[in-house]
Amino acid sequence: MDKPSYLHRSRFLSRTKLLAFWTLIFLALLLFLFPKSPPFPADSTRRILQAGPLWENRIRHSANSHPHRVLVTGAAGFVGLHVSLALKRRGDGVVGIDNFNPYYETSLKRSRAALLDRAGVFVVEGDINDGALLIKLFELVKFTHVMHLAAQAGVRYAMRNPSSYVQSNIAGLVSVLEACKSANPQPAVVWASSSSVYGLNSRVPFSEKDRTDQPASLYAATKKAGEEIAHTYNHIYGLSITGLRFFTVYGPWGRPDMAYFFFTKDILKGKTIRVFERADQKSVARDFTYIDDIVKGCLGALDTAEKSTGSGGRKKGKAQLRVFNLGNTSPVTVSELVDNLENLLNMKANRMVLPMPRNGDVPFTHANISLAQKELGYKPTTDLKTGLKEFVDWYRLYYSNSRKKIVL
Ligand SMILES: O=C(O)[C@H]1O[C@H](OP(=O)(O)OP(=O)(O)OC[C@H]2O[C@@H](n3ccc(=O)[nH]c3=O)[C@H](O)[C@@H]2O)[C@H](O)[C@@H](O)[C@@H]1O
């Protein structure tokens, strides 16, 4: 027998209510699990809202109205510190930006930033991937130059945390170049590439004309990708871009993840250090380059950089695109590096000689610097022994005063 029609209707209604109820629950769950993302990172929104006029004034004051107004990314890093100080000392306006990430001891980065602060350089705490923050900085200051030194450094760490290299060295670089290409006027860009782009090349010294298509680490691959990205932004937007291939930079206020730094620490503690050797039993070698020489090369690149030709995202003509080796032209083996440290520290190292692990290292580096010499007037003057002495003196002072603030 057919059921009465009102029964059909009420069953239909209760099913509809049930469906509506579960749909609502489902939607609420979706909203809870995937909240709508803000137009730019929440951090940046907060930072810009909290910033206020005092923050803006500090930025304007730090840049001042000098002919050169330079934004230095990675200013609390090793090279960033020294370049920012040198620019400020000669009278340029400098604003720094750094995310103070914990790749190595953040207290060292904070000490560097404190030193910059005393020298009149304000370091904005922020990430280069934060596009809104970069736009804000360009609104506040018409930067003439960007010295882009922020990066995820280190060749061996790339196997442990590959995505950090993509995030900083590729996405971060694009974020910086995006801000530069949209700025009006566009700044000229000088940025840190790396000797590691020469990868497994065997012809020495390494020349800018050599192939760079066999990187040995993800770090090197991201720097090589950076050089190609630089070409694109130069080609499409008329940005003037100079890439600097640094060769194992060392010196006071250096990076604790680098061999000369942690060898010093470990020798002083009596800990064993691992000295890598090549398959042919020769010690690996590096074209160690002292920080003051690198700073001169960076300033030379900045001073010879031509203006970008575009404005507000539009190219108006061909712009300069350059790449230079900044090395020392005299490679030293790692065992000689350790000999030097033993002499300076007056202590014997406990060496464990091991075959070079296959984790991104290359057996040797050696720079041909004739192009930088010709175009930038670059001429390194510090040998490893002299530079290491400066480092060891700083190291002893810094770590014996680690709780106090010290000046360079
Ligand atoms: O020139 C560059 O572009 C690169 O220079 C350095 O990379 P690297 O030359 O490998 O510097 P270290 O990690 O300090 O190593 C120096 C030498 O010591 C050797 N080493 C390292 C660590 C160790 O425990 N034992 C050892 O013998 C390495 O094989 C290498 O030959 C920096 O760490 C990179 O960020 C930079 O980009």
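How much of the chain over residues 70-307 is helix and how much is strand? Over that stretch the chain is 42% helix and 18% strand, and its end C-alpha atoms lie 13 Å apart, with helices (H or I, at least four residues) and strands (E, at least two) taken as DSSP runs numbered from the N terminus. The model is a predicted one, in which local features need pLDDT of at least 70 and side-chain atom pairs count only at pLDDT 80 or more, while totals for chains, interfaces and linings use all residues. Residues are numbered from 1 along each chain as its sequence is written, and side-chain values use heavy atoms, with hydrogens and water left out.

The ligand has 23 residues around it, of which R156, S194, S195, Y219 and R274 come nearest; a residue is near a molecule if one of its heavy atoms lies within 4 Å of it. Turning to polar contacts (pairs of N or O atoms within 3.5 Å), an oxygen atom of the ligand is 2.4 Å from an N or O atom in the side chain of R156, and an oxygen atom of the ligand is 2.9 Å from an N or O atom in the side chain of D361. The protein covers 95% of the 690 Å² of accessible area that the ligand has on its own, by the Shrake-Rupley method with a 1.4 Å probe. Helix α8 (259-269) and strand β8 (272-277) are the elements that give two or more residues to the shell around the ligand.

Notes
A polar contact is a pair of N or O atoms within 3.5 Å; within protein, one must be able to donate a hydrogen and the other to accept it, and residues adjacent in sequence count only if both atoms are side-chain atoms.
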